[in-house]
Amino acid sequence: MPNRNAQEEYPTWVGFVFIFNLIVGTGALTLPSAFSHAGWVLGSGLIVVLAFVSYMTVTFVIETMSCANAIQNWKRLQYLKRDRVVEQDEDSNVETMEGEPLLAQTSGSTEEPLTDGSIEQTPLNIMYCRNQYYSLSTKVELAEMANLFFGRVGRFLFYFCLAVYLYGDLSIYSAAVAKSLRDVICAHNHSASAMDSDDWSLRCWEESSLSRFDIYRICLVVFIGILGPFTFFNVQKTKYLQLITVLFRWLAFSVMISIAIHRLFSRSNSDDPPIVPKRVDINGIPYLIGTCIYSFMCHHSLPSLLTPISNKRRLKMLLSADYALICAFYLSLALTGIFAFAEIKDLYTLNFVPSSDQDSIFLKTIEYFLALFPVFTLSASFPIIAITLRSNLQTLFLDTTQIESYNFFLRKLFFPLLAIVPPICICFFTESVVSLVGFTGCYAGTGIQYLIPIGLVFAARRTCESMIGRGILNDFRSPFKGTIWLVLVLCWTIACLVLVTIDLIK
């Protein structure tokens, strides 16, 4: 079938870069702190395991996407066949059965069309037989797949889980931006030891009654006041803005790793004793699990990224390379950080807050750039996520096919406010980015990254087998084909949830 997205296609390497940029985001800034809690040995092993599990569920989403395309192709062919039967003479012996598979069941390859007379061998059938129905030519979003393969309860749980995740995203973004602004504003008003203090009553200015936490709240209100109104509208044509944030992200992470490596070599050439972080700390596992799950999240955006790729034959190799590179990148960022700094802030960029004793203009510019990096990048994404959350809340509670029948307040005001007010309330009483990332990653993240892909691929396989048959080869099927893999991921999910819940109850 013709590719409806042909005008939007891009080469494989562009898809590689897009996926890398999607995954490497805010979660990466909290990884060094999570490593410092769990220990570098335990952290290194656990992040590799979590990367592998995340890759498994990515392949589940891709298989579900191909199954959704196959069902659409099957229905399209049924429609074309019915039109052709109507045009035939009533005396024709051709019979069309609604539930009969279009291709005969075979145990071998179906690259060539069957010629046993079970179905009429027309050019249309031959085309579908050779293409094997399964493709990624049409973009099918995660919500569409949920509507296709889940029942009413499953669809509600999907939208609810997605809404919780987006609420967590907005809370993390708000806290990270406000905290970064606060630390830049208060950077030169205290000694280094005072800046490391978590005392909310510590004053930002010695001559003022405002505490550092008061300044954090003021920055939070200003941030929401500037970007919150975008939730009431639609944000379009953000391509160039996103490209700029991508450049900022690569530059910031590269500079942070370079500075950490420089500190390591500088310390080794001086008389200062080396920093020896702890190797294993079981108590830090819950923090690390939630952070890593959040850091490998890309599943909800895969259809938009993978469908336009022109050559999808090497898609599995592309994703394998992406995950291997990202895992190595995360390890480099976290390991250099915990060995270079005696104490890791919950937001890694806060370790690079501008210092008053820095005389070099160039180095001071770099420090300001790194300290304000979350402000630049997260501010660009905040309106998009808020609008996405607003739309999902409307889908969850309203009949979107009759949206104009609802009153103005419900359509235009209530849901935008419902999207941005809860994150403000959460961040107004906490500034712990690690806690927000851990909670969001483990509870909402496990739903989107683990449970939903498991449910989708299980239902998709059963649906395709009943409608199309087992004899058609799916080139995009996950390498983890057996049901045992679904059970293992489910058990892993339960273990993660239990560990984090026990830690919260303590």
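**Buried pairs and clusters in a helical model**

Mentor: C204 counts as buried, at 0% relative accessibility, where buried means under 20% relative accessible area, exposed over 50%, and partly exposed in between, with a 1.4 Å probe and protein chains only. The model is a predicted one, in which local features need pLDDT of at least 70 and side-chain atom pairs count only at pLDDT 80 or more, while totals for chains, interfaces and linings use all residues. Residues are numbered from 1 along each chain as its sequence is written, and side-chain values use heavy atoms, with hydrogens and water left out.

Trainee: Which residue forms a disulfide with C204?

Mentor: A disulfide is taken as a pair of cysteine sulfur atoms within 2.5 Å, and a search of the whole structure finds one. Its two cysteines lie in distant parts of the chain, 18 residues apart, with C204 in the loop between helix 7 and helix 8 (212-227) and its partner in the loop between helix 6 (152-185) and helix 7 (192-195). The sulfur atoms are 1.9 Å apart, and the partner of C204 is C186.

Trainee: What is the handedness of the disulfide of C186 and C204?

Mentor: C186 is buried at 0% relative accessibility. The torsion about the S-S bond of C186 and C204 is about -110°, so the disulfide is left-handed.

Trainee: How many helices does the secondary structure of the protein come to?

Mentor: Helices (H or I, at least four residues) and strands (E, at least two) are DSSP runs numbered from the N terminus. The protein has zero strands, and its helices come to 17.

Trainee: What share of the 506 residues of the protein counts as buried?

Mentor: The accessible surface of the protein, from the Shrake-Rupley method with a 1.4 Å probe and, for residues, only the protein chains shown as cover, comes to about 24,100 Å², of which 63% belongs to carbon and sulfur atoms. Of the 506 residues, the share that counts as buried is 51%.

Trainee: Which residue forms a salt bridge with R461?

Mentor: Side chains of opposite charge can pair when their charged atoms come close, and a salt bridge is counted here when a side-chain nitrogen of Lys or Arg is within 4 Å of a carboxyl oxygen of Asp or Glu. A search of the whole structure finds eight salt bridges. In one of them the closest N and O atoms are 2.8 Å apart, and it joins R461, in helix 16 (residues 433-467), to a residue 398 places away in helix 3 (residues 40-87). Both partners are buried, and the partner of R461 is E63.

Trainee: How many residues apart in sequence are the parts that E431 and R182 tie together?

Mentor: The side chains of E431 and R182 meet in a salt bridge at 3.1 Å, N to O. E431 lies in the loop between helix 15 (408-429) and helix 16, and R182 in helix 6, so the pair ties together parts whose separation in residues is 249.

Trainee: Which residues are linked with R182 and E431 in a network of salt bridges?

Mentor: E431 is buried, and so is R182. The residues linked with R182 and E431 in the network are D183 and R212.

Trainee: What kind of aromatic pair do the rings of F341 and Y348 form?

Mentor: Rings of Phe, Tyr and Trp (its six-membered ring) pair if their centres lie within 6.5 Å, with planes under 30 degrees apart counted as stacked, over 60 as edge-to-face and the rest as tilted. The whole structure holds 26 such pairs. The rings of F341 and Y348 have centres 6.1 Å apart and planes at 85°, so the pair is edge-to-face.

Trainee: With which residues is V58 in contact, leaving aside its neighbours within four places in sequence?

Mentor: V58 is placed in helix 3 and is buried, with 0% relative accessibility. The C-alpha atoms of V58 and L319 are separated by 8.5 Å, although these residues are 261 apart along the chain. With contact meaning heavy atoms within 4.5 Å, the partners of V58 are C298, H299, L302, L319 and Y323.
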